[in-house]
Amino acid sequence: MLQFIRFRRAEADDVPSLEALLREECLPAENLPVEEFIIAVHERENRILGCGRIHTEEGAYELADLVVLRDFRGQGSGRFLAQRGLERRREPIYVVTRKGDLPFFQQLGFHEIETAGIPAPIGAK
């Protein structure tokens with residue numbers, strides 16, 4: 001249910017909230033390329049509840065930093081953020097994720113591959 005949630009490109013003023021959201025999930029939060037992020041904003045609470053981005057490095061594309069606050073998970077925000085990012089993708093695109101999150105990404109059309117199949121810029125993380 002996406003009631004009261006607005007999706008938009010992140011702006012410079014969003015960086016502190018993005019950093020906090022990423023740190024909560026133990027993800028790197030320094031020197032964020034804010035222009036790559038799409039965010040989900042709860043309109044009534046005026047706060048960022050999720051984010052995601054398509055990261056490009058040396059010709060490799062990665063769906064990265066897809067995070068939704070725990071209280072808002074299971075309502076479609078993560079799926080929408082991923083789909084918005086994937087709309088602007090080039091093939092192939094990769095996701096590096098925890099095993100427990102694999103079913104979510106499989107529902108989006110991703111397939112598990114061996115680590116050796118991941119391009120060096122993405123796999124080196």
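These legends describe close-up views of a predicted model.

**View 1. The buried face of helix α2.** Helix α2 spans residues 77–87. Its buried residues are S77, G78, L81, A82, G85 and L86. Seen down the axis of α2, these residues fall within an arc of 170°, so they line one face of the helix. An α-helix has 3.6 residues a turn, so residues three or four places apart point the same way.

**View 2. What α2 packs against.** The buried residues of α2 pack against several strands: β1 (5–9), β2 (37–42), β3 (47–57), β4 (60–68) and β5 (93–94). They also pack against a helix, α3 (102–107).

**View 3. The largest nonpolar core.** This core holds 33 residues. L18, C51, L63 and F110 touch the most other members. At least two residues each come from β1, α1 (15–24), β2, β3, β4 and α2. In soluble globular proteins, nonpolar side chains tend to be buried together.

**View 4. The surroundings of L63.** L63 is among the core residues that touch the most other members. Which residues is L63 in contact with, leaving aside its neighbours within four places in sequence? They are R53, I54, A82, I93, Y94, V95, F105 and F110. One of them, A82, is a buried residue of α2. Another, F110, is listed with L63 among the core residues that touch the most other members.

**View 5. The salt bridge between R53 and E36.** The side chains of R53 and E36 meet at 2.4 Å, N to O. R53 lies in strand β3 and E36 in the loop between α1 and β2, so the pair ties together parts that are 17 residues apart in sequence. E36 is partly exposed, at 21%. R53 is also in contact with L63.

**View 6. The salt bridge between R23 and E30.** Here the side chains meet at 3.8 Å, N to O. R23 is partly exposed, at 46% relative accessibility. E30 is exposed, with a relative accessible area of 52%. Side chains of opposite charge can pair when their charged atoms come close.

View 7. A salt bridge joins the side chains of D101 and R98 (3.7 Å, N to O). D101 is partly exposed, with a relative accessible area of 32%. R98 is also partly exposed, at 48%. Salt bridges that share partners join E25, R70, R73, R98 and D101 into one network. The whole structure has 11 salt bridges.

Notes: Residues are numbered from 1 along each chain as its sequence is written. This is a predicted model: local features need pLDDT of at least 70, side-chain atom pairs count only at pLDDT 80 or more; totals for chains, interfaces and linings use all residues. Side-chain values use heavy atoms; hydrogens and water are left out. Buried means under 20% relative accessible area, exposed over 50%, partly exposed in between (1.4 Å probe, protein chains only). Helices (H or I, at least four residues) and strands (E, at least two) are DSSP runs, numbered from the N terminus. The arc is that of the directions from the helix axis to the C-beta atoms. Contact means heavy atoms within 4.5 Å. A nonpolar core is a set of buried Ala, Val, Leu, Ile, Met, Phe, Trp, Tyr and Cys residues joined through side-chain atoms within 4.5 Å. A salt bridge is a side-chain nitrogen of Lys or Arg within 4 Å of a carboxyl oxygen of Asp or Glu.
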